[in-house]
Amino acid sequence: MATSSPILQQLGCFRSLLRPQPLTQHSNHLGRRALSTVYSAKPEPQPLPANLPEQFLRQLPLRMRPDLERKARKIPPPPPAPQCKDPIGAVQEAQLAQLDPTGERMALFDYRRNPRSVKVGDILRVTFKNGDPFSGVCLSIRLRGIDTSFLLRNQLTRVGVEMAVKVFSPNVESVEIVQRTEKRKRRARLYYMRKPKHDMGSVENLVANYLRQKRSIAGKKAGGAAKRR
Amino acid sequence: MIQLKTMLNCIDNSGAAVVECVNVLKKKRPATVGDRIVVVVQKQRNFGPDSTNNVGIANKVRRGDIRHAVVVRARKEMQRPDGSIVKFDDNACVLVNKSGDPIGTRMNGVVATELRGRQWSKILSLAPMHV
């Protein structure tokens, strides 16, 4: 085999020499340029013959078949216009109407609109439905519609306690202003009062005083009513 | 958020003043109010007015003791079912024995009401005040 193959190759050479002339010229030309860079014009798209027999149609790609009708694209109708522009706002309003029908609670905390509302720095006392009250300095009022809440801080047994209460919580029975701040605070959130330097300490004494006064006033009123009778 | 190495105040009269959390029990998360933890007593309460009348109680635990404890106050705010939020300025605990009874007989300091929902009513009744 080793001896025979070169002979065959040589024979192959002969054959190539015997090829017609124009082809060799071409090959010369190709030798100078790589095959891939040879420019060839884009073939002109041939129109389909007008009367193409039925049996040839299936050889065509799907997109070129004249007999295949185009599927109409389904376009869903536009969604109906929203009946309510602001559904969340509507829900909130409905809840407010239920939880705060008189708007009294809202007015008590809406410090942006009501000048007589609770301000930060005031001392408040909250009583809950379950009976235990909580009092403290109001550090911040968070106005968020139905989620409106305020943050109270106090010191109980010399431990700082903070409680954020939702204004419209059904658990909140009443919110009383024990003492208003003497001077308008220049901050909206008094978080600096958590630092020992600015901490107000316990407000229990103030609240106790307030409750005593309140009770005495109530007692007088009750007494007066009794005398009149 | 009480976890490994957290230092807590001990607010009962068991004799411990400052304890360090070494484990949170029954939970793969940081402990909060009502959770049981394992602590190491780091600082003993010095003989104050409490311990003069009953010395025996003051020496119930010593420095280096490993005990169980229940968290009663946490700095991390906790939310109540009605949306209100409560938080304290410190982390505090009460030492309990293995069966869950408090080691101390008195407590000084406010505790969170959440203890009631977690079967710690005994601690709640010992506390002078709860929020």
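This is a guided tour of a two-chain model, stop by stop, with something to select at each one.

**Before you start**

The model is predicted, so to speak of a local feature here a pLDDT of at least 70 is needed, side-chain atom pairs count only at pLDDT 80 or more, and totals for chains, interfaces and linings use all residues. Residues are numbered from 1 along each chain as its sequence is written, while chains are lettered from A and ligands numbered from 1 in the order in which they are written.

**Stop 1: chain B as a whole**

Select chain B and colour it by secondary structure. You will find 3 helices and 9 strands (helices are DSSP runs of H or I with at least four residues, strands are runs of E with at least two, and both are numbered from the N terminus). Follow the chain along its sequence and the pattern reads β-β-β-α-α-β-β-β-β-β-α-β. The radius of gyration is 14 Å, close to the 14 Å that the globule rule gives for 131 residues, so chain B is as compact as a globular protein of that length (the radius is taken over C-alpha atoms, and the rule is 2.2 Å times the number of residues to the power 0.38).

**Stop 2: the barrel**

Now select β1, β2, β3, β4 and β7 of chain B. These 5 strands close into a barrel in the order β1-β2-β3-β4-β7, with mixed pairing (two strands pair if DSSP finds at least two bridges between them). Neighbouring strands of this sheet are turned by 55° against each other on average, direction ignored (the axes are lines fitted to C-alpha atoms, for helices over the stretch in contact, and angles run from 0 to 180 degrees between N-to-C directions).

Zoom in on β1 (residues 7-10) and β7 (residues 92-96) of chain B: they run parallel, joined by 2 bridges. Select B:N9 next. Which residue of β7(B) is its bridge partner? The partner is B:A92.

**Stop 3: the nonpolar core**

Select A:C138, B:V72, B:C93 and B:V94. They have the most contacts inside the largest nonpolar core, which has 62 residues. Such a core is a set of buried Ala, Val, Leu, Ile, Met, Phe, Trp, Tyr and Cys residues joined through C-beta atoms within 7 Å.

**Stop 4: chain A**

Switch to chain A, which has 5 helices and 5 strands. From the N terminus on, its elements run α-α-α-α-β-β-β-β-β-α. Of its 229 residues, 14% count as buried.

**Stop 5: a sheet across both chains**

Show both chains together. An open sheet of 7 strands has the order β5(A)-β1(A)-β2(A)-β3(A)-β4(A)-β6(B)-β5(B), with antiparallel pairing. Its edge strands are β5 (172-179) of chain A and β5 (78-79) of chain B, each pairing on one side only.

Where the chains join, β4 (residues 159-166) of chain A pairs with β6(B) over 4 bridges, in the antiparallel sense. Select A:A164 to find its bridge partner in β6(B), B:I85. One step on, β5(B) and β6(B) pair over 2 bridges, and B:M78 stands opposite B:V86.

Now select the whole contact between the chains: 16 residues of chain B are in contact with 13 residues of chain A. On the chain B side, strand β6 (residues 85-88) gives the most, with 4 residues. That side has 7 nonpolar, 4 polar and 5 charged residues (Ala, Val, Leu, Ile, Met, Phe, Trp, Tyr, Cys and Pro count as nonpolar, Asp, Glu, Lys and Arg as charged, and the others, Gly among them, as polar).

**Stop 6**

Select A:L143, in the loop between β2 (134-142) and β3 (149-156) of chain A. A:L143 is partly exposed, because 15 other C-beta atoms lie within 10 Å.

Next comes A:R158, in the loop between β3 and β4 of chain A. Its phi is near 60°, a positive value in a residue other than glycine. Is A:R158 buried or exposed? With 11 C-beta neighbours inside 10 Å, A:R158 counts as exposed.

Finish at B:K5, in the segment before β1 of chain B, where phi is near 80°.

Key:
Buried ≥ 20, exposed ≤ 12 C-beta atoms within 10 Å, placed from the backbone. Contact = placed C-beta atoms within 7 Å.
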